[in-house]
Amino acid sequence: MLVSRSCAKRLLASAGRAARYSSTGTSQLNSVTEQDIEYFSKILPKTSIISTLAPISSPSDELNSFNSDWMGRFHGRSTTVLKPKTTRQVSEILKWCNERRIGVVPQGGNTGLVGGSVPVHDEVIISLSNMNNVRNYDPVSGVLVADAGCILQSLTDYVAPHNHIMPIDLGAKGSCHIGGNVATNAGGLRLLRYGSLHGSVLGLEVVLPDGSILDQLTTLRKDNTGYDLKQLFIGAEGTLGVITGVSILTPPQPQASNNVILSLPSFDNVLPLYQTVKRQLSEILSAFEFIDRTAYNLAVKHGQGRALPESETVGAECFILVETSGGRREHDSEKLLDLLESLLGADKPLINSGVLSQSPAEFSSLWALREGVTEAVSKEGKAYKYDISVPLASFKQVVDDTREHLRSKGLLHDKAVKYVLGYGHVGDGNLHLNIVADAYLPEITDALEPYIYEVVASHRGSISAEHGIGAMKTHALHYSKSDVSIELMKKIKAVFDPKGIMNPGKVLE
Amino acid sequence: MRPSPRRLLNILVPVKRAVDYSVKIRVNPQQTGIDTNVKHSMNPFDEIAVEEAVRLREKHKESIKSIRAVTIGPSKSLDTLRTALALGADSAIHVQIPDTAPSPEPLAVAKTLRSIIQKKNAEASGEGDKIDLVILGKQAIDDDLGVTGQMLAGLMGWSQATFASKLEVDEGKQEVLVTREIDGGGEEIRCKLPLVVTTDLRLNEPRYASLPNIMKAKKKPIEKLTPEDVGVDFTPQLETVKVSEPPTRVGGGKVANVDELIAKLKDAGLA
């Protein structure tokens, strides 16, 4: 334990720089050479290869966006990015890399938050961005089969004319790929309503490290024939194979949507409010999102959506965004108005006040206050993001305790940690704990870890609710998974990827 | 000291239910109009008008005796009036036309507004109850005709201040100083009440309707009138011949060098 923790600190302090492949049984991986590039040039057109090596010799800045995550926290030193167009090409690349023992990092939209999609060293990056075609769509069953590199928003636009929506929606929808969503088992804003990808993904096409193609791209909703292998790849973060195709069930588009932001005098009211809202709105409730006061103020400060009038925010300790979606506008509005009336008219009201969107523009504007927190945080400073599952009742306590902990370490001031804030999906028990600092500093990291992981473990929570493990949390996996579980995960990894070329240094140490 | 009765202001705010501006407009297959089976909301310029009326009250307190919203439209226009009431109007008037009727044209709308003003002012118990300020959007974003305010001012023989970006009311002098958006800047004009103002984008940013106000709005009175009550014929005077989408944009191409560019420009007769 002690050893692994000090390792962990080193890893985080160097933010992905070091962490040379450790214990997955792969003592040594090889770097890409000019001979490899020559081989790749036979499989792929020149335009699909970016490499600083001869004979391609791309300028190194062309690789920057592939080597770093969007927050600028994780940096790799890959020399080569391959952008295959077909599953066959992916297969040939992997076969070669496996034989040559070259590490491979599958990369989608590179919007992850835990460094799962950037190399830790100089692995080959396989960008799926050129695999972006919809293969098949059945408007009756709503089953969509698409290449892994399709951008979530473009799929949303694709199914919209058929009156369907994607079962997943998240802030990064304009850049993230469906393959990456599946590989990381992304959660997002619709999970409360449509469940996780373990339910909505019906089939996958995966290229295994030895180049064989696992074709499980079925469109069946029921298929109890042996082990459900696709489930292993959902959330494996590219450590078992490269997802190249996804079959996913799209739900019908709600005919009416409403949203409302409620201001609450105290966090203590969140849980009773959640119970009341669930009971009264029942099937039309589609989101129940929590934003604490600090997060709200930051979102407003950085222009993420129009602020609520001051009269509605005075004395509010936190805010709740409630969204309804249903089949009939009049029915939904009536239910929602009844709820709001009973909330405002109660003897001891759970809410201070709130606003109800009156138009699609206001609907988006209210959502922007919640979805924009992520962006506002990165504009404000350097963010330490923890995405944890803890019991609902302890959301605020975790945020407050973390703030006090940092204060006691003398790190809560202008030049260190500026804000500690919480927001997230109350309905899913998922809290986003963000620490906004002036700069990434080793003493802040030391103060936060393993402190936060220990807090989570004490609640029997999860250290990564929906962001994954990536390179950032491998050392902390044991806070959420027992030794038996981790041992079994390592065995599974060895079955699929005996040479350990797939996304090395991620998920498992 | 109580202000003298004549110094009270009564504001009328006409509002229109329009296709929401965030909706992608689609032409119907018959090419007679657009697909209206989409989300609607209050015309954004009218929302600015309601907001301005409410702000005037916040500034001038009791001097603004009443704020009335009015709309002409099908049954669903009631939602638009509720929004106006939730934003702060005191009462509303709904001139209901059949759900299948075509959208009323500006002249008919202006005549309806005149009829309502005349009716309300005839019923008024004193000068302090008469409508003397009409604030409305400079145009509706669905038909973009942008003439209703001007027609109303003409019909009534009132002052008019169009494209307003700032209003300062001097209720003592019965004057309003209005800044108008004109090409290249702003123009200040001083208008005598009664007055018709049309709003431009920069006048204000409308607020969200708060929950308590939405609840109060449910109890505020809405008076229903028919076209017969206002004595206006809504039969269209304009005939829509055909509605079609703009031609789709043809994508550009890449040229390898300047010579090729010049050759292409010459081919196109541009150089």
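In the predicted model, the axes of helix α2 (residues 77–87) of chain B and helix α5 (residues 211–219) of chain B come within 8 Å of each other and cross at roughly 120°. This angle makes α2(B) oblique to α5(B), and the crossing of the two helices is right-handed. On the α2(B) side the contact involves B:Arg82, B:Leu85 and B:Ala86, which meet B:Asn213, B:Ile214, B:Ala217 and B:Lys218 of α5(B). Sorted by class, the residues joining α2(B) to α5(B) are four nonpolar, one polar and two charged.

The contributors from α3(B) are B:Pro106, B:Leu107, B:Val109, B:Ala110, B:Lys111, B:Leu113, B:Arg114 and B:Ile117, and their partners in α4(B) are B:Thr148, B:Met151, B:Leu152, B:Leu155 and B:Met156. In the contact of α3(B) with α4(B), ten residues are nonpolar, one is polar and two are charged.

Chain B as a whole contains seven helices and eleven strands. Along the principal axes, its C-alpha atoms fill a box of roughly 80 × 40 × 40 Å. Of the 271 residues in chain B, 45% are buried. Among contacts in chain B with a sequence separation of 6 or more, 70% link residues 24 or more positions apart.

Leaving aside residues up to four places away in sequence, B:Val54 touches B:Ile67, B:Leu87, B:Gly88, B:Ala89 and B:Arg207. B:Val54 and B:Ala84 are separated by 30 residues in sequence, and their C-alpha atoms are 10.0 Å apart in space.

In chain A, helix α2 (residues 34–43) and helix α4 (residues 87–100) have axes that come within 10 Å and cross at roughly 160°. This angle makes α2(A) roughly antiparallel to α4(A). The crossing of α2(A) past α4(A) is right-handed. Residues A:Asp36, A:Tyr39, A:Phe40 and A:Ile43 of α2(A) make the contact with A:Gln89, A:Glu92, A:Ile93, A:Trp96, A:Cys97 and A:Arg100 of α4(A). By class, the contact of α2(A) with α4(A) comprises six nonpolar, one polar and three charged residues.

A:Cys97, one of the residues in this contact, is buried, with a relative accessible area of 0%. A:Cys318 is also buried, at a relative accessible area of 1%.

Most residues other than glycine have a negative phi, and most peptide bonds are trans. A:Glu237, although not a glycine, has a positive phi of about 55°. This residue is placed in the loop between α9 (230–233) and β9 (242–249) of chain A. A:Glu237 has a relative accessibility of 8% and therefore counts as buried. In chain B, B:Gln31 has a positive phi of about 60° and is likewise not a glycine. The position of B:Gln31 is in the loop between β2 (17–19) and β3 (40–42) of chain B. At 30% relative accessibility, B:Gln31 lies between the limits of 20% and 50% and so counts as partly exposed.

Cis peptide bonds occur in both chain A and chain B. In chain A, a cis bond joins A:Glu449 and A:Pro450, with omega about 5°. A:Pro450 is found in the loop between α17 (442–448) and α18 (451–458) of chain A. In chain B, the peptide bond from B:Leu193 to B:Pro194 is cis, with omega near -5°. B:Pro194 lies in the loop between β9 (185–192) and β10 (195–199) of chain B.

Notes:
Residues numbered from 1 in each chain as written. Chains lettered and ligands numbered in written order. Predicted model: local features only at pLDDT ≥ 70, side-chain atom pairs only at ≥ 80, totals over all residues. Heavy atoms only, no water. Buried < 20%, exposed > 50% of the residue type's maximum accessible area, 1.4 Å probe, protein only. Axes fitted to C-alpha atoms, helices over the stretch in contact; angles between N-to-C directions. Helix = DSSP H or I, 4+ residues; strand = E, 2+ residues; numbered from the N terminus. Parallel < 35°, antiparallel > 145°, perpendicular 65-115°, else oblique. Left-handed = near helix turned anticlockwise from the far one by under 90°. Contact = heavy atoms within 4.5 Å. Nonpolar A, V, L, I, M, F, W, Y, C, P; charged D, E, K, R; others polar.
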